[in-house]
Amino acid sequence: MVFEPPNRLVRALGETAPDGDDWLEELPGAARRAVALRELTVERVQVPGGRSSLVVLVRTAGGTPAVLKLAPGRARPEAERAALAHWGGLGAVQLLEPFTAEGVLLLERLHPDVSVRSLPEAKALLEAAGTMRRLWVEPPADFPFETVAERTGRQAEAMRARAQADPEVAPLVDVALAAREDLLAAPPEHRLLHGTFRQSKVLAGERMPWLAVGPDPVVGECAFDLARLVRDRVEDLIAQPSGAATTRRRVKRLAESLDVDQERLRGWTLFRAVESGVRAGRVGRPRDAELLLEFAAWL
C-alpha cells in the first residue's frame, strides 16, 4: 500500500518546518516497516486525519480493529504514550502494544468519523466535560511531562517576539502575559492534563461511549486544560450577535460543572486564545488569527 500523507498533515507540518521535513519524506517507508513488524492488515489511511501524525486504520494478526499512529518527535509521541499508559483506558483510548517503538503507537480502534462535535452544542459540551474529568488524575512519580509553567513559558517568549514584529497584537499579548503571571503566582496544582482537549478529540467507542484521543500531555491545574474547550466552535461564537455573552456563560457553566475556579478558567482561556491567535498569524493563517484574537478580546 502507498502511505500517502493527507494534505492536512502536509500543510500543518509545513507550518512548523517551512524549510522541509525529513520525517515526512521518510514516512511511507516508516509506515511500511511498522505494518510489517506487527503483521498488520491495512484498511486505509484516515483522511483528513490529524495535524501532527499519520493515522492508519488496520487490523491485527488476530483480526482486531486497531489504529496505527506515526508522529514526528516534535509532536512528543513518547509523552503521549506515557500518558495513555498511565490512564490505562480510563477516559482515553487504550494502547494495544506493550513494547516501545519510537514515534509509533498501536491503539484501540474507536469510531474515527464520530466525535462529540457531531452532537448538539449543549450535549457536546456536557459529554466532553465528563470525559475530561476522568483524565485529571495524579501524574506518575518522576513524570516525563512538561509542566504548565514550562510550556506556557516557551509560548510566552514566542508571543513577545511576535508582538514586537506586529504592534497591532501587542496590547492583547500584554494582557495575556500579565494573566499568565498572575495565574502562576499561586501554588501549582499537579494533575495530568490532556493538553489539547477539544470536542474533536473525543471519539465514540465500543468499550465506553466517548474516549479522548491525541493528548499532548502536560502537568498542572485543571483550569488550563478546560480553557481550550471553552473556545470550541469559535467560528460559531464569532458569528453570533450574542457571542460575547454566550462565551461568558460558557466559562461560568464549565467552571461550575467541573468545580474549577471561574476567574482562573477565564484567565487561562484568555492566554491560550491569544497564544493560538498569535501563532496562527505567524504561520500564515490570518483568518484563524482574526477569529481567535476577537474571541480573546471578549474575555
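Reader: Which residues does Gln-46 touch, not counting residues up to four places away in sequence?

Author: Happy to start there! This is a predicted model, in which local features need pLDDT of at least 70, side-chain atom pairs count only at pLDDT 80 or more, and totals for chains, interfaces and linings use all residues. Residues are numbered from 1 along each chain as its sequence is written, and side-chain values use heavy atoms, with hydrogens and water left out. Contact means heavy atoms within 4.5 Å. With that cut-off and the sequence exclusion, Gln-46 touches Pro-6, Val-55, Leu-57, Pro-112 and Asp-113.

Reader: Is Gln-46 buried or exposed?

Author: Gln-46 lies in the loop between strand S1 (41-45) and strand S2 (54-59); strands are DSSP runs of E with at least two residues, and helices are runs of H or I with at least four, numbered from the N terminus. Buried means under 20% relative accessible area, exposed over 50%, and partly exposed in between (1.4 Å probe, protein chains only). Because its relative accessibility is 8%, Gln-46 counts as buried.

Reader: Which side chain makes a polar contact with the side chain of Gln-46?

Author: A polar contact is a pair of N or O atoms within 3.5 Å; within protein, one must be able to donate a hydrogen and the other to accept it, and residues adjacent in sequence count only if both atoms are side-chain atoms. For the Gln-46 side chain, the contact is at 3.1 Å, and the partner is the side chain of Asp-113.

Reader: Which residues does Val-274 touch, leaving out those up to four places away in sequence?

Author: A nonpolar core is a set of buried Ala, Val, Leu, Ile, Met, Phe, Trp, Tyr and Cys residues joined through side-chain atoms within 4.5 Å. In the largest one, with 75 residues, Val-274 is among those that touch the most other members. Its contacts are Met-159, Leu-172, Val-173, Ala-176, Leu-293 and Ala-296.
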